[in-house]
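Thanks, everyone. Let me walk you through one model this morning. Have the sequence and the structure open.

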Amino acid sequence: MWKKMELEDIKKRVFGAIDQNVNFYHDDILGVPASHLDSKVFYQDEPFLKNAPFLATMVHNPNHIGCHTLDKSESFFQGTQAIEREVIKLCSEDILKCAENECDGYVASGGTEANLQAIWIYRNCFLREHVAKHDEIHLLGSEDCHYSMPKAANLLNISWSPIGVEGESRVWTRQSAEKAVDEAIAQGKKYFICVANMMTTMFGSVDEIDVLTEVLEDRKVPFFMHVDGAYGGFFYPFAQPQSRLDFRNTHVSSITLDAHKMVQAPYGTGIFLIRKGMMKYAMTEEASYVEGQDSTVIGSRSGANAISIWMILMMYGYYGWQEKINTLHQRAQWLSQYLDRFGIRHFRNPFSNIVTIHADHLSAEFAHRFGLVPDNHHQPEWYKIVVMEHVTLERLDAFVAALEKEIGS
Ligand SMILES: Cc1ncc(COP(=O)(O)O)c(C=O)c1O
């Protein structure tokens, strides 16, 4: 498991990595359409930058175009790319239990891109290896899955349908999974790309992945299984170590994580992880001027994003991260117990820090006062509380006190 590092060692490592990249300030780099950040606005010599490795990386402006776990990458930025490779290794092996060096991946713009990347790869694999037609490829995910799934189906010109979930448990059942698969088969769909949630956006619910794989195996249809852990990927594996939604499950081919959610990294820190051998289906050979070519949706991207994720994870270490998640988990349990005591209908997966309250109990004004997010802004049925770092017990206590008044009045 990854070890906590001292701040001074973190700084040394990041500044050392920057030194291994080309230096636009001092080196003869004439051929790339890139440079350090504009020096009239972002001064390289600001004294505070010496103590700010992430900001210093931003000013140096490395471009992490491409995927650096593959054979070859742009050699200009090899120092900071090595740190990105460590992030991919740590997330895929220490958190998501992949065997050593069995995973590729990269830091994407966000969860949407990482989900899109997975679906793009599987679609291309079906097109190439099975000579599938676009209208034979179908995307399946739960009714509660993120809207990036229908977005991806639309972009990639494949069909999509949601699998219904039970109102109270928010899980799909054998019956609803069979219904969705059989309806798609009846419409001529032969190849399936499936997404299982490791904590959904609105409910923090976790899909019963084995139920769906059993149905697909019964029907003998080829399929790929992607796990969307954009919200839950840095939480659920720590709260529930027996998870079926990681690489120990041989059906799981790829996983999305998002460091700009639970990890509190800057935006632009989605993480895409996939078993080795699959990135080739996203390789754009026409990217011939890029060393190693490009197998990502995004193209150019800031190397500073990978540095920010690495720094945060190193400041904690595995056990520090476990403690942080335990604290958030306990706060969510605390809130849930109060809601039970008040008889308020709500949903919380026992291993989650999202508490979703039925709108019957709350006025829109009350929800607005506490910044609760509705499932639907036009006709809210549910409001969620996401127990992040700033959602302390003090704040939850004030919420609970106000709620007691609201329901008593
Ligand atoms: C489960 C899940 N997947 C994907 C996404 C999309 O992430 P992003 O907004 O970073 O593209 C979100 C965002 O909330 C999410 O909760």
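First, a term. Two strands count as paired when DSSP finds at least two bridges between them. And a reminder: this is a predicted model.

Strand E10 and strand E11, residues 382-386, pair in the antiparallel sense over two bridges. Look at Val373: it stands opposite Lys384 in E11.

Zoom out to the sheet. It is open, has four strands and runs in the order E8-E9-E11-E10, with antiparallel pairing. Which strands are at the edges? They are E8, at 346-347, and E10, at 373-374; each pairs on one side only. Helix H9 packs on this sheet. H9 touches E8, E9 (354-358) and E11, and its direction makes about 20° with that of E9.

Stay with H9, residues 303-342. It also packs with helix H3, residues 78-95, at an angle of about 50°. Their axes are 9 Å apart. So H3 and H9 are oblique to each other. The crossing is left-handed. Who meets whom? On the H3 side, the contact includes Ile83, Val87 and Leu90. By class, the contact has nine nonpolar, two polar and three charged residues.

Last stop, the ligand. How many residues surround it? There are 13, and the closest are Gly110, Gly111, Thr112, Thr201 and Ala230. Helix H4, residues 111-129, gives the largest share of that shell, three residues. By class, the shell has two nonpolar, nine polar and two charged residues.

That's the tour. Over to you.

Notes:
Residues numbered from 1 in each chain as written. Predicted model: local features only at pLDDT ≥ 70, side-chain atom pairs only at ≥ 80, totals over all residues. Axes fitted to C-alpha atoms, helices over the stretch in contact; angles between N-to-C directions. Parallel < 35°, antiparallel > 145°, perpendicular 65-115°, else oblique. Left-handed = near helix turned anticlockwise from the far one by under 90°. Contact = placed C-beta atoms within 7 Å. Nonpolar A, V, L, I, M, F, W, Y, C, P; charged D, E, K, R; others polar. Near = placed C-beta within 6 Å.
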